[in-house]
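Welcome, and thanks for taking a look at this chain with us. Here is a short briefing to read alongside the structure.

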Amino acid sequence: MGRWRDGTGELSVLDGAREPVPPVPLEIAASYRARTRGLLGRDGIDGAILLTPASSVHTFRMRFAIDVAHLDRRFRVIAVRTMRPGRLGAIRPRARYVLEAEAGAMAAWGLRPGVRIAIATGQDLRT
């Protein structure tokens with residue numbers, strides 16, 4: 001497995017969703033700069049953003065509440081939580097990726113611990 005690069009793609013819920021979920025637009029933040037910027041300065045996000053590598057996040061200087069899902073190396077959800085602005089999230093030692101979306105979105109997609117996701121990109125974002 002290689003390292004990820006910044007880019008875009010689609011997220012699909014592989015199992016666990018009660019009803020089929022259409023693919024979700026996804027931003028991939030792999031560089032230090034993109035991970036640091038994340039969702040700061042935005043008023044919302046259409047879809048989700050994947051931070052890689054990452055095992056924790058914060059919501060300092062955020063303008064809106066977000067859902068945070070910690071994923072292991074096989075893209076299985078370890079934990080999901082909603083964070084209001086101005087919070088520091090717990091470090092999840094097994095987490096390799098962090099997925100962020102607007103508050104309430106992950107429940108609508110059926111994301112909960114144990115569920116697997118898949119990421120499709122139009123180009124090879126791994127080096």
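A residue counts as buried under 20% relative accessible area, exposed over 50%, and partly exposed in between. Glutamate 27, with a relative accessible area of 28%, is therefore partly exposed. Please keep in mind that this is a predicted model.

**Overall fold**
- The chain has 2 helices and 7 strands, which follow the pattern β-β-α-β-β-β-β-α-β along the sequence.
- Its radius of gyration is 13 Å, close to the 14 Å that the globule rule gives for 127 residues, so the chain is as compact as a globular protein of that length.
- Along the principal axes, the C-alpha atoms fill a box of roughly 35 × 30 × 30 Å.
- Of the 127 residues, 39% count as buried.

**Salt bridges**
- The count comes to 2 salt bridges.
- Glutamate 27 pairs with arginine 42 through their side chains, at 2.8 Å from N to O.
- That pair links distant parts of the chain, 15 residues apart: glutamate 27 sits in strand E2 (residues 24-29), and arginine 42 in the loop between helix H1 (32-37) and strand E3 (48-51).
- Arginine 42 is partly exposed, at 23% relative accessible area.
- Arginine 63 and aspartate 43 form a salt bridge at 3.0 Å, N to O.
- Here the partners are 20 residues apart, with arginine 63 in the loop between E3 and E4 and aspartate 43 in the loop between H1 and E3.
- Arginine 63 is exposed at 53%, and aspartate 43 is exposed at 66%.

**Charged surface**
- Arg3, Arg73, Arg74, Arg76, Arg96 and Arg116 form a positive surface patch.
- Arginine 74 lies in the loop between strand E4 (66-71) and strand E5 (77-83), and its 67% relative accessibility makes it exposed.

How values were computed. Residues are numbered from 1 along each chain as its sequence is written. This is a predicted model: local features need pLDDT of at least 70, side-chain atom pairs count only at pLDDT 80 or more; totals for chains, interfaces and linings use all residues. Side-chain values use heavy atoms; hydrogens and water are left out. Patches are made of residues with over 30% relative accessible area and no salt bridge: like charges are joined within 9 Å, nonpolar side chains (Val, Leu, Ile, Met, Phe, Trp, Tyr) within 5 Å. Accessible areas come from the Shrake-Rupley method with a 1.4 Å probe; for residues, only the protein chains shown count as cover. A salt bridge is a side-chain nitrogen of Lys or Arg within 4 Å of a carboxyl oxygen of Asp or Glu. Lys and Arg count as positive and Asp and Glu as negative; His and the chain ends are not counted. The place of a charge is taken as NZ of Lys, CZ of Arg, CG of Asp or CD of Glu. Helices (H or I, at least four residues) and strands (E, at least two) are DSSP runs, numbered from the N terminus. Buried means under 20% relative accessible area, exposed over 50%, partly exposed in between (1.4 Å probe, protein chains only). The radius of gyration is taken over C-alpha atoms; the globule rule is 2.2 Å times the number of residues to the power 0.38.
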